[in-house]
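Have a look at the picture first, and then we'll walk through it together.

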Amino acid sequence: MDLKIYIETYGCQMNVADSQVASAILKAAGCSFTEDISKADVILINTCSVRDNAEKRVLGRLDVFRLEKKKRQGVIVGVLGCMAQRLKEKLLENPAVDFTLGPDSYRSLPAVLSFIRDRGGKMTETNLSTRETYADIEPVRTDSNGVSAFISIMRGCNNMCSYCIVPFTRGRERSRDPKSIVAEAKQLDREGYKEITLLGQNVDSYNWTDPENTTRKMNFSQLLEEVALACPKMRIRFQTSHPKDIRKGVLYTMAMYPNICPHIHLPVQSGSTRLLQKMNRKYTREDYLQKISDIRNIMPDCAITTDIIAGFCSETDEDHQQTLSLMKEVGYDSAFMFQYSQRPDTLAARRYPDDVPEEIKTQRLNEIIALQNTLSLKSNQKCIGQTYQVLVEGPSKRSENQMTGRTPQNRFCVFDSKGSKPGDFVWIKVLTCTQATLMGEIVEQPKSLIEKAEETIEEGLNDIREKIRKTIVRTKKTKDKTKKQ
Ligand code: SAH
Ligand code: SF4
Ligand code: F3S
């Protein structure tokens with residue numbers, strides 16, 4: 001199929017990974033890709049429904065695509081992802097849209113495209129599957145930096161947090177065959193990638209059973225270990241963890257393997273137990289703080305980041321204060337912070353009035369952001385004077401002579417490049433920082449504790465050797481004197 005595809009991606013990293021799967025399916029069907037929309041035969045937009053403003057952004061882009069269609073007859077526009085799943089044929093009423101395909105329907109892309117190209121008309125396919133994991137498809141990473149890549153390890157979500165649309169747009173949770181995950185990781189290693197992020201809406205509930213031998217099972221900490229062992233030279237990250245499901249086993253595995261990065265994204269959403277219950281998160285403030293204390297005990301250098309929602313249904317100032325106090329208590333390294341946005345058909349939309357006035361939501365969100373800014377600054381300031389291994393990602397936007405990269409804790413770093421290139425591991429001594437960035441310089445690899453201990457022993461031995469030598473010389477001199485006499 002000789003079609004030029006242009007693809008735009010919105011939403012979470014799952015969507016980034018999915019666009020790569022869709023690209024692989026299209027490539028196998030003979031399509032090619034362009035980054036220039038005016039050269040495309042097909043415009044695809046992979047969409048997000050998580051908040052109303054995410055959907056608004058996509059609707060704005062569809063207006064632009066409609067103009068493109070007016071300019072050039074025959075251009076096909078397809079909507080993929082969560083908005084396609086949520087709105088189905090309703091989106092076809094938009095004159096820009098020729099077809100909608102939900103997240104479990106990407107295998108139909110070539111058939112849908114050739115049908116519309118040959119016969120015209122509009123189509124929608126949005127059946128959610130209980131099995132599809134696209135395990136056999138090797139993603140085409142045209143949009144990647146060649147250094148880090150995502151691997152999707154599961155799809156869907158069974159949690160039904162009351163505010164969240166994801167379970168409706170992504171369907172039931174299903175885990176991908178670990179053999180295909182490890183094979184994909186090894187392939188990335190061979191291609192020169194240096195970092196992989198294992199992706200799932202709730203990685204801690206990864207649970208795979210071999211269909212040919214149902215006694216063979218694998219949980220997330222076992223999977224993490226398999227990947228870490230299979231690719232010892234690569235950095236391994238994962239997200240998202242769920243506070244109700246993260247187990248100590250995962251923490252021990254992280255602590256045991258130096259190539260698993262010490263960073264956990266652990267969305268809290270709210271600091272108020274009453275609201276957490278209403279959100280159907282299935283943990284209390286105290287449960288959450290216990291998990292934080294487990295992480296700190298097992299991995300003192302682990303970064304902890306979070307997601308927070310301001311102004312959920314019935315949130316009082318007291319609830320909001322509890323969110324602020326929890327943030328201080330944990331001392332998050334960074335956070336994604338959102339204003340509650342009611343999503344159609346969710347439990348919250350059906351049961352609870354969206355009763356926090358817009359200006360109070362905004363005011364609370366601003367307070368949360370202001371607090372996080374000070375916490376992020378504090379967290380970065382603690383790094384000044386320390387040396388970290390940084391994976392170089394690419395040149396800095398501000399200066400050609402500077403490179404950017406990330407520490408194992410996922411802190412963003414800028415430094416003079418001194419000949420380093422994307423994909424290199426360098427050692428950076430942190431000199432200054434802002435709340436968002438560490439600024440440092442490349443230094444020699446610091447000595448490991450074992451090397452330092454060996455040096456101390458060696459110095460001690462040298463001292464003893466010197467003392468023995470001096471004693472021997474002295475004894476010899478005394479002997480010579482005695483002989484002379
Ligand atoms: N599976 C992940 C991510 C889900 S979406 C998780 O469970 O954490 C990412 C974040 O968007 C959520 O953590 C939540 O903070 C936010 N979010 C989800 N639904 C929302 C809504 N209706 N309004 C505002 N924020 C929302
Ligand atoms: Fe949404 Fe909750 Fe599932 Fe995350 S765990 S995707 S917030 S339902
Ligand atoms: Fe958005 Fe769908 Fe991801 S709603 S956050 S793109 S799972």
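Before we start, one term: a residue counts as buried under 20% relative accessible area, as exposed over 50%, and as partly exposed in between. Keep in mind, too, that this is a predicted model.

Let's begin with a pair of side chains. Arg61 has a relative accessible area of 23%, so it is partly exposed. Its salt-bridge partner is Glu8, with the closest N and O atoms 2.6 Å apart. Glu8 sits in strand E1 (residues 4-9) and Arg61 in helix H2 (residues 52-71), so the bridge ties together parts that are 53 residues apart in sequence.

Another joins Asp136 and Arg107, at 2.9 Å from N to O. This one runs from loop to loop: Asp136 is in the stretch between strand E6 (123-125) and strand E7 (148-152), while Arg107 is between strand E5 (99-101) and helix H4 (109-119), 29 residues apart. Asp136 is exposed at 59% relative accessible area, whereas Arg107, at 38%, counts as partly exposed.

Further along, Lys447 and Glu455 meet in a salt bridge of 3.4 Å, N to O. Some bridges also share partners, and in that way Asp18, Asp104, Arg155, Arg170 and Arg174 are joined into one network.

Now step back to the whole chain. It is divided into domain 1 (4-125), domain 2 (148-373), domain 3 (387-443) and domain 4 (455-485). Between the C-alpha centres of domain 2 and domain 4 there are 64 Å.

Where does ligand 3 lie? Domain 1 and domain 2 both give residues to its shell, so ligand 3 lies between them. Among the residues surrounding ligand 3 are Cys12, Cys48, Cys82, Val166, Arg170 and Gln201. By class, that shell has 5 nonpolar, 4 polar and 1 charged residues. Around ligand 2 you'll find residues including Cys157, Cys161, Cys164, His242 and Arg281, along with Val166 and Gln201.

Finally, head for helix H14 (residues 449-484), where Leu461 is found. Leu461 counts as partly exposed, because its relative accessibility is 35%. Together with Ile457, Ile464, Ile468 and Ile472, Leu461 makes a nonpolar surface patch of about 460 Å².

Technical notes
Residues are numbered from 1 along each chain as its sequence is written. Chains are lettered from A and ligands numbered from 1 in the order in which they are written. This is a predicted model: local features need pLDDT of at least 70, side-chain atom pairs count only at pLDDT 80 or more; totals for chains, interfaces and linings use all residues. Side-chain values use heavy atoms; hydrogens and water are left out. Patches are made of residues with over 30% relative accessible area and no salt bridge: like charges are joined within 9 Å, nonpolar side chains (Val, Leu, Ile, Met, Phe, Trp, Tyr) within 5 Å. Accessible areas come from the Shrake-Rupley method with a 1.4 Å probe; for residues, only the protein chains shown count as cover. A salt bridge is a side-chain nitrogen of Lys or Arg within 4 Å of a carboxyl oxygen of Asp or Glu. Helices (H or I, at least four residues) and strands (E, at least two) are DSSP runs, numbered from the N terminus. Buried means under 20% relative accessible area, exposed over 50%, partly exposed in between (1.4 Å probe, protein chains only). Domain bounds come from an automatic or database domain assignment. A residue is near a molecule or strand if one of its heavy atoms lies within 4 Å of it. Ala, Val, Leu, Ile, Met, Phe, Trp, Tyr, Cys and Pro count as nonpolar, Asp, Glu, Lys and Arg as charged, and the others, Gly among them, as polar.
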